Each structure stands twice: as structure tokens, then as C-alpha cells.
Amino acid sequence: MDKYYSLVLENVGIKVNEFAFNDSIKIKKLTDKSSLLSINHRLGGDTYEGSPLLIYRAFQLALSNINIIIKRDKENEDEFLYNYFKSSGSGLMNYYASKDLETVTRSGESILNKDDLERIKDVHSIVVEYNRTHGDYKVRGNWKPTRWSYANEQYLSACRAMTIDQGVLSLITGLESLLVKGEGLLKFKVSLYASIILEDTIEKRRLINKQVNFMYNLRSKIVHGEIENVVKITSKPEIFDRYFELKDILGRLLIKTYGIEETDLFNRLDEILYEVPKF
């Protein structure tokens with residue numbers, strides 16, 4: 001007997017009428033800005049390929065520049081699943097927003113074309129592979145965390161965060177765990193390595209460097225309780241855009257570095273740095 005699950009993605013629209021991720025999972029257009037994610041989980045089938053949680057995780061990772069907002073599908077009454085997903089993502093609040101801001105919450109929205117959906121399908125493969133391997137290692141009793149797995153948990157923690165300051169703490173911690181070995185010059189290393197891995201032009205690398213540095217400074221002020229400065233920074237209208245840019249940086253890094261051994265990653269970064277032209 002099959003088990004049917006469905007969720008409405010309130011701020012994720014699709015430009016096609018329907019798209020299948022595999023034999024069990026598909027997404028349908030509801031309105032221009034909302035869609036229905038349906039999972040027909042075959043009992044006795046692949047536990048991972050047909051998992052409602054893992055396709056949701058794939059959407060969260062692939063759409064890193066928004067926070068996905070869900071609502072209940074009236075055709076599906078699975079209360080446990082709905083409540084679990086609802087607690088796994090939320091709209092982002094800014095308690096320190098100035099009175100001039102139109103809103104103190106933001107989640108963003110994405111309208112996906114077929115190429116975007118194919119990209120989510122690829123990310124779903126990553127999520128399935130990671131969780132299948134993770135599960136196998138745990139059964140054998142030889143699983144241990146990696147930089148990537150810890151950074152991924154911090155990313156998911158940011159997805160659950162209800163406020164900007166909570167989310168920033170998780171995202172910067174995730175970036176550090178993924179990109180920094182040893183101590184010292186943490187902000188410099190994170191901003192430099194992130195820009196090198198993600199972009200290939202000076203202009204785009206500078207933008208990432210600038211963005212990470214800005215949010216790193218905000219993280220430091222949050223950690224050290226500099227409330228006056230935290231309020232000053234987070235009361236600006238652009239703080240939501242800056243936050244989602246940071247979240248997008250970590251999300252893209254997780255996708256791009258998945259499956260790369262830690263030693264290989266840092267060796268390649270060293271090679272790139274030492275290959276720069278002579279001054």
C-alpha cells in the first residue's frame with residue numbers, strides 16, 4: 001500500500017504545469033506564486049528516493065536565497081508531517097526593524113522554470129546520496145561528522161531560525177566549519193575562500209568578499225552583545241537582502257563542495273592561491 005503526502009509551497013511557483021523528480025515525487029502549479037509538492041511513497045520501495053523530508057531538504061538547499069513557507073494541503077491530513085516541516089523552516093523576523101520598514105518579516109519567493117527544477121533534481125540526488133551514506137555508516141557504527149556535514153547542519157539551523165541574529169550565527173558558523181582549518185584570520189579566510197570557490201571574475205569575487213565581511217562583523221557584534229550596534233545595523237531596510245545573500249553563499253558552497261575530500265579541498269585552494277601572477 002502506498003502512502004501519499006502533499007504540501008503547498010506558498011512562496012515557490014513554477015512556470016510549467018507539472019514536473020516529476022522521480023517516480024514518486026512531483027510538483028504541480030497551483031498559482032503563479034505557489035505550488036503543490038506531492039509524494040507517493042511506495043511502502044517497500046526506496047526509503048530515501050521517496051522520502052518527503054529529503055525532497056523538502058533539496059528544495060531548502062537549492063533555493064538558498066529564500067526561506068520556504070509551507071501550508072497544509074487540504075487533501076492531506078498528515079498532521080505529524082505538516083508540523084515537522086513547519087518547524088523546519090520559517091519566515092525570517094527582524095525584531096530590531098525600524099518603524100520606517102514596511103515589514104519586519106521576510107521569506108522571499110522563487111518562480112522556477114524547467115532548468116531551475118532540473119537543478120533541484122540534481123540537488124535532490126546529493127541529499128539522497130548523503131543521507132543514504134550517512135544512514136549506512138550509522139548502521140555499521142562507523143559514521144563520524146565531517147566539515148561538510150557540520151556545515152550542512154548549521155545551514156538547516158539557519159532555515160529554522162526565526163530571527164536574523166539567530167540565522168547569522170548559524171550561517172557564519174557553517175562557513176567557518178566548511179572553509180577554515182586552524183586558527184587566526186578567520187574572516188579573511190572565509191571571505192577569500194568562498195569567493196574563489198564560487199566565482200571566477202574579480203567583480204563577483206569582490207561582492208562575495210564584501211558581503212561575507214559585512215555579515216561577519218554583524219556576527220561579532222551579536223556574539224559580544226553590542227546591542228546598540230546590532231540594532232543600528234539590522235534596522236536598515238537592506239538587512240533582509242544581505243541575510244539571504246549570505247544564506248545563498250553557504251547553500252551554493254555546500255552544493256559545490258559536496259563529495260570533495262577535506263584534504264583535496266584545501267590543497268586545491270592552496271594551489272589557486274600560489275598560482276597567482278608575480279606582483
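Predicted model: local features only at pLDDT ≥ 70, side-chain atom pairs only at ≥ 80, totals over all residues.
Residues are numbered from 1 along each chain as its sequence is written, and side-chain values use heavy atoms, with hydrogens and water left out.

The protein contains ten helices and nine strands, where helices (H or I, at least four residues) and strands (E, at least two) are DSSP runs numbered from the N terminus. Its radius of gyration, taken over C-alpha atoms, is 20 Å, close to the 19 Å that the globule rule (2.2 Å times the number of residues to the power 0.38) gives for 279 residues, so the protein is as compact as a globular protein of that length. The C-alpha trace spans about 65 × 50 × 35 Å along its principal axes. Of the 279 residues, 47% count as buried, meaning under 20% relative accessible area, with exposed set at over 50% and partly exposed in between (1.4 Å probe, protein chains only). Among contacts (heavy atoms within 4.5 Å) between residues at least 6 apart in sequence, 71% join residues at least 24 apart.

Turning to the sheet, five strands form an open arrangement in the order 3-4-5-1-6, with antiparallel pairing; two strands pair if DSSP finds at least two bridges between them. Strand 3 (18-20) and strand 6 (70-72) are the edge strands, each pairing on one side only. From one strand to the next, the twist averages 25°. Strand 3 and strand 4 are antiparallel and share three bridges, and F19 has I27 of strand 4 as its bridge partner. Strand 4 (residues 25-31) is joined to strand 5 (residues 34-42) by six bridges, again antiparallel, and a hairpin of two residues connects them. Here K29 has S35 of strand 5 as its bridge partner.

Helices also pack against these strands. Helix 1 (residues 52-62) lies across strand 1 (2-9), strand 4, strand 5 and strand 6, running at about 145° to strand 5. Helix 2 (residues 79-87) packs on the sheet, touching strand 1 and strand 6, and its direction makes about 160° with that of strand 6. Axes are lines fitted to C-alpha atoms, for helices over the stretch in contact, and angles run from 0 to 180 degrees between N-to-C directions.

E199 lies in the loop between helix 6 and helix 7. Is E199 buried or exposed? With a relative accessible area of 16%, E199 is buried. Leaving aside neighbours within four places in sequence, E199 is in contact with K204, R205, I208 and R252.
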